[in-house]
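Could you take a look at this one with me? My notes go with the picture below.

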Amino acid sequence: MTVENMVKAMYDAIDDKLGQDTAILNIGKVSSLCDYFVITSASSSRQVKAIADSVEDAMTELGLEPRGKEGREMQNWILLDYGDVMVHVFDEENRAFYNLEKLWKDAPYVDPESL
């Protein structure tokens, strides 16, 4: 499985739970941290959890487990680390506050249809 296939499966899992303003950044072009960030928003803490669960379930079906998980307790920003891809699921307030897209503004956006 390619990393692009992983990202596409993650994107589809997010879309299935109605993630908002989902962005895919090619971080590998500007950092050695990972290849991609997948960033999405949810309208409630309940939806944040549902989206993160959906991504985990989709990856488990593909035989992949996260290296790390953060934020499950607060459910306002959940980070799932899959090594080559990091998934950030925010509530709207925290996404605006942390503004990862601006922080990583040199990373090109990826059109999910191109994956």
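Here are a few points on one residue and on some paired strands.

1. Some ground rules. This is a predicted model, where local features need pLDDT of at least 70, side-chain atom pairs count only at pLDDT 80 or more, and totals for chains, interfaces and linings use all residues. Residues are numbered from 1 along each chain as its sequence is written, and side-chain values use heavy atoms, with hydrogens and water left out.

2. Start with Thr40, which sits in strand E2 (residues 36-42); strands here are DSSP runs of at least two residues, numbered from the N terminus. Thr40 counts as buried because its relative accessibility is 0%, the cut-off for buried being under 20% relative accessible area with a 1.4 Å probe, protein chains only.

3. What does Thr40 touch? Leaving aside residues up to four places away in sequence, its neighbours include Ile14, Gly19, Thr22, Ile51, Phe90 and Arg95 (contact means heavy atoms within 4.5 Å). Gln20 has its backbone oxygen 3.3 Å from a polar atom of the Thr40 side chain.

4. Now strand E4 (residues 77-81): Ile78 and Leu80 are on its covered face, while Trp77, Leu79 and Asp81 are on the uncovered one. In a regular strand, side chains alternate between the two faces of the sheet.

5. E4 pairs antiparallel with strand E3 (residues 68-70) over 3 bridges (pairing takes at least two DSSP bridges). Lys69 stands opposite Leu80. The E3–E4 hairpin has 6 residues between its strands, and Gly71 in the turn has a positive phi of about 90 degrees.

6. E4 also pairs antiparallel with strand E5 (residues 85-91), over 5 bridges. Val89 in E5 is the bridge partner of Ile78, and Val89 also touches Thr40.

Methods: Helix = DSSP H or I, 4+ residues; strand = E, 2+ residues; numbered from the N terminus. Buried < 20%, exposed > 50% of the residue type's maximum accessible area, 1.4 Å probe, protein only. Polar contact = N/O pair within 3.5 Å; in protein donor to acceptor, adjacent residues only side chain to side chain.
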